[in-house]
Each structure stands twice: as C-alpha cells, then as structure tokens.
Amino acid sequence: MTNHSMARTGLAGRRAVLAAGLSLLAVGHGARAAARTVRVGYQRYGTLIVLKHSGLLEQVLAPLGHDVVWSEFVAGPQMLQALAAGAIDFAETGDAPPVFAQAAWPDRLVYVGHGARAPQGEAILVRASGPITQVADLKGRSIAFNRGSNVHYLVLAALAKAGLTIRDVHVVNLVPASARAAFDMGRIDAWAIWDPYLAAEQATGGARVLADADGLTGNRQFLLASRAFAEADPPAVRAVLQALSRSHDWARTHQPDLVAAIASDTGLPPDVIRVAVARLPLAVSPMDDGVAAEQQAIADLLSGNGLLPARVKVRDAMWTG
C-alpha cells in the first residue's frame with residue numbers, strides 16, 4: 001500500500017471514529033431531552049404528602065431519567081386549576097374537585113387512581129354548646145367551606161337528605177385557616193371541613209360533628225394527572241402508581257417520622273396528626289366502573305344544583321394507559 005493510500009485509509013478511519021462519536025453524542029442528547037421534571041401538586045395532608053416525605057417517588061422515577069418538583073396548594077380546587085393550566089402534572093384531591101375541574105376544562109385532566117372510602121375524614125361541625133342538633137336546623141344559618149372542595153358536595157348531600165337545598169343556607173366561601181378562625185369566634189354557625197383540620201377542631205372539645213360523610217359519600221382521594229402528560233408519558237404515570245402502592249408500607253414502618261413531619265408542616269399537634277393519619281387510607285387502586293359511578297352521582301347532584309357550566313361524563317376522564 002502506498003503512502004497516499006495509507007493516508008486515505010487513516011483519514012477514513014478518523015472520519016468513522018468522529019462519526020461514531022457524534023452519533024453517541026446525539027443519542028446522549030436525545031436521552032437528556034427525553035428526561036423531564038415531573039411536577040407534583042400536594043396539600044399539607046393526604047396520600048401525596050406521605051409520598052413526598054418517603055422519597056419513594058424520586059426512587060421510581062430516577063431510572064426513567066426524571067426528577068421531581070413538589071408544589072404546595074391550599075386546597076384541591078386551586079390545585080386542579082394549576083393542573084388544567086399545565087403548571088403541574090399530578091394532583092390529589094377529594095371527590096368533588098375533579099368534577100368541577102372536568103366541567104370547567106374538558107379534556108385537561110384524567111383520573112389515574114382512587115383511594116378507599118374515608119367517611120370519618122370530613123364532617124360538618126357545629127359548636128358543642130349550640131342549638132343546632134340536626135342538619136335541618138341549618139336552614140337560614142351560615143355554613144363555611146371552600147367552594148369546589150370535597151366538603152362542598154358533603155354539604156349538598158347532607159342538605160338534600162334533610163330536605164333542604166343550598167339555597168336554604170348562607171354559604172361563606174373560606175379556606176380552612178380562615179374558616180377555623182371564623183368558627184372559633186362564632187362568626188359562622190357551621191363549618192364543613194376535612195382532616196387534619198377536622199381532627200384539630202375535634203381535639204379542642206368545642207365542636208360537635210353534625211354530620212360526617214357516612215351514608216352520604218365515600219370521601220375518597222383521587223390521583224389525577226394532566227391528560228397531556230399522561231398521554232405523552234404512560235411509564236411515568238405507572239411509576240407514580242407504583243410509588244404510591246409502596247407508600248402504605250413506608251408509612252406503617254415510619255409512622256413517628258411521618259407524624260412529626262406532617263405536624264411540622266401544618267403546625268398542628270402530633271396527637272391530632274395521629275388521629276387524622278389513622279383515618280387516611282393510603283392504598284391507591286386503578287379506577288373502575290363502581291368508583292366511576294360514585295363520581296357520576298356526585299356530578300349529577302352538582303349539575304342538578306346548577307353548579308356546573310356543563311354536564312360531566314366521568315368515564316370520559318378515566319385514564320386507560
């Protein structure tokens with residue numbers, strides 16, 4: 001082989017190595033592009049706060065090249081507004097907020113999973129020494145709750161069972177902290193609230209449960225995802241469900257740490273958090289026809305009260321990935 005031929009061969013070899021290197025670089029860049037930050041909305045209490053403190057979500061998403069950013073919200077309606085706007089990818093709320101959100105923003109969210117029933121985890125409270133002894137006594141009186149939340153439906157269902165409607169009471173729209181202050185100062189007659197604020201108010205001895213969700217609604221927790229995210233990244237959705245399925249055992253073996261963490265987050269006493277956590281089912285199951293029917297009943301009552309801009313078909317928002 002001539003020197004000229006050898007030079008050409010060497011040049012070809014160097015080009016091949018360079019091409020291979022560029023190819024590997026492109027593959028690496030593609031892998032980094034596929035990685036993403038999974039944005040999770042949470043409240044200071046619920047299944048997702050357990051997942052946040054456990055670190056399990058970061059563990060299951062790491063092999064997919066994903067990291068996690070957690071964003072705190074005061075309540076479910078505000079969280080689902082962020083989900084619909086594309087500001088977060090996952091959220092967890094009670095039963096009514098997804099119905100309101102689906103009616104307002106069709107095709108923006110999907111139900112990914114649901115928790116077990118927790119009827120003692122929400123209630124309508126009145127003062128222990130007050131004159132209100134049954135739901136019918138609420139007629140003409142004031143009741144506070146966060147509009148669009150799970151207890152919004154609880155109030156509707158309790159009133160309907162007593163032969164009343166929402167027009168028979170004076171609704172005061174307040175987030176939990178403001179409602180608690182108003183209730184404690186006697187500025188409202190009743191307060192519809194969920195754990196751990198429910199457990200905190202019960203611990204004072206100054207409140208009495210007028211009605212909880214028993215016989216009215218399941219008070220389930222729902223895991224929801226942005227439809228766009230769920231359709232684009234089904235493995236990440238399945239990873240979140242996997243992490244949630246492991247959080248039950250983690251909470252059982254780390255209860256002192258969990259109670260201390262939630263007490264620190266909420267500013268509530270550890271004894272109150274223990275009561276609330278004992279009422280919180282952590283297992284999450286895929287959506288099924290029975291739970292969809294429960295949600296549809298909630299949607300129908302909300303629609304019948306003129307609270308939805310459009311009728312909702314819950315099955316249209318069930319993730320099937």
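Visitor: How many salt bridges does a search of the whole structure find?

Guide: The search finds 12. A salt bridge puts a side-chain nitrogen of Lys or Arg within 4 Å of a carboxyl oxygen of Asp or Glu. This is a predicted model: local features need pLDDT of at least 70, side-chain atom pairs count only at pLDDT 80 or more, and totals for chains, interfaces and linings use all residues. Residues are numbered from 1 along each chain as its sequence is written, and side-chain values use heavy atoms, with hydrogens and water left out.

Visitor: What separates Asp271 and Arg274 in helix α12?

Guide: An α-helix has 3.6 residues a turn, so residues three or four places apart point the same way. Asp271 and Arg274 are 3 residues apart in α12 (residues 270-278), about one helical turn. Helices are DSSP runs (H or I, at least four residues), strands likewise (E, at least two), numbered from the N terminus. The closest N and O atoms of this salt bridge are 2.5 Å apart.

Visitor: Is Asp271 buried or exposed?

Guide: Buried means under 20% relative accessible area, exposed over 50%, partly exposed in between (1.4 Å probe, protein chains only). Asp271 is exposed at 56%. Arg274 is partly exposed at 42%.
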